[in-house]
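Thanks for making time this morning.

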Amino acid sequence: LSHVTFQGIECNPFIRLVASAKLAAMQEPTKTFGRLAQRVAAEALRGRVQPLPVPMLTTFHRESYFNPKDLDLLLRLRSAIDNEESAGARERDIDLARLCLAASVEPVSSLRRDGRALRYVPTKERARPTEAFLEHAHRIELDMPVERVSIGGGVHLGDGRSMSVVQPHANFDLVLFSPPYPNNIDYTEVYKMEAWLLGMFSDAATFRSQRLKTVHSHPSLMRDPANDHSTHIAEVVAPLLHAIPEDRYSIQRRSMVCGYARDMAQTLESAWDRLRPGGSLVYIVGNSLHGKEGEGFVVAADLIMAELATHQGFSVDRLDVARRLHRRHSRSPFLRESVVFARKPRN
């Protein structure tokens, strides 16, 4: 195909910024970003801009996590970027600069992203804010395509389970997505430092509201399994619910399994409504293993979703194993990341 129109949907405002900025850089490569990044760093270093107030997130208020001078400089970088935006800088350059700032937060701290959490590493060598910012800017310049990539469309901030933010009468040839895996990772939590530093959250209530919008892939969300009135969903998850051991986590795990299945059923129904007859559905998902060795159980998300897709009316053509997943002290032949191909019948 000589041209593709793409409509992406992302619920998390920070992840949406990442996807949107990368897509825009491919659609229209910028030659002015490097100079803007240099100006931003110079303004922050010379103290020509006032730092913004420290975000209310408690992580930023612990000196063991952030050196106050480094945090001050990060906030001056953000202020300098905001000033460039007010002065009329190109939106693509501003978004890329914010990505550089976000990518600098963790290296400047004594925290390390580790799976589902941020861990304190007191011996960690911390980066200098402006050096980290400019290093990421340099990498972006090197990665920037020389010519435009023929991709239309953009990335919307919204709920991918309903696709309501995309034009209501637009139908597609392909729906391609990779939902959060049911592996207990709360991405709102994992990327909270970046989002708070960029001003996407202003208080605990806003942050909690964002978390409640996400797919039920982690036990931070609690939904009552009894509230799911879909007989088919109940039948699909019944064997899995039966396999969950009775312990202090059983209620949260059952809630997550039912909530995840319901969210995926809603996503597949929405995909069905927006696909043209004969259109393709492709999803990438990883299965997850929960519980202790000898008492663990696998949430086979690829098979659960395939059964839900079949019930919706899709013809599931094949399941390809993209890679085997590993977990310390536990093994399962079903612990894998899969690419599942399905299609909507023409009649």
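This is a predicted model: local features need pLDDT of at least 70, side-chain atom pairs count only at pLDDT 80 or more; totals for chains, interfaces and linings use all residues.

**A loop residue, a helix and a sheet**

Let me begin with threonine 30, which sits in the loop between α1 (13-27) and α2; helices here are DSSP runs of H or I with at least four residues, strands are runs of E with at least two, and both are numbered from the N terminus. Residues are numbered from 1 along each chain as its sequence is written, and side-chain values use heavy atoms, with hydrogens and water left out.

Is threonine 30 buried or exposed? Threonine 30 has a relative accessible area of 9% and is therefore buried, the term meaning under 20% relative accessible area, with exposed being over 50% and partly exposed in between, for a 1.4 Å probe and protein chains only. Setting aside neighbours within four places in sequence, threonine 30 is in contact with Arg90, Asp93, Leu96 and Met144, where contact means heavy atoms within 4.5 Å. With the side chain of aspartate 93, the threonine 30 side chain makes a polar contact at 2.7 Å, that is, a pair of N or O atoms within 3.5 Å, of which, within protein, one must be able to donate a hydrogen and the other to accept it, and residues adjacent in sequence count only if both atoms are side-chain atoms.

Turning to helix α3, residues 68-86, its buried residues include Leu71, Leu74 and Ile81, and among the elements that cover the buried residues are α2 (33-45) and α4 (91-108). Asparagine 67 caps the N-terminal end of α3, with a side-chain oxygen 2.8 Å from the backbone nitrogen of lysine 69, and just after α3 glycine 88 takes a positive phi of about 100°.

Finally, the sheet: 4 strands form an open, mixed sheet in the order β5-β6-β10-β9, two strands being paired if DSSP finds at least two bridges between them. The edge strands, each pairing on one side only, are β5 (172-177) and β9 (315-324). β9 pairs with β10 (residues 336-343) in the antiparallel sense over 8 bridges, and aspartate 320 stands opposite valine 339 in β10. Helix α11 (residues 301-312) lies across β5, β6, β9 and β10.

Notes:
Axes are lines fitted to C-alpha atoms, for helices over the stretch in contact, and angles run from 0 to 180 degrees between N-to-C directions.
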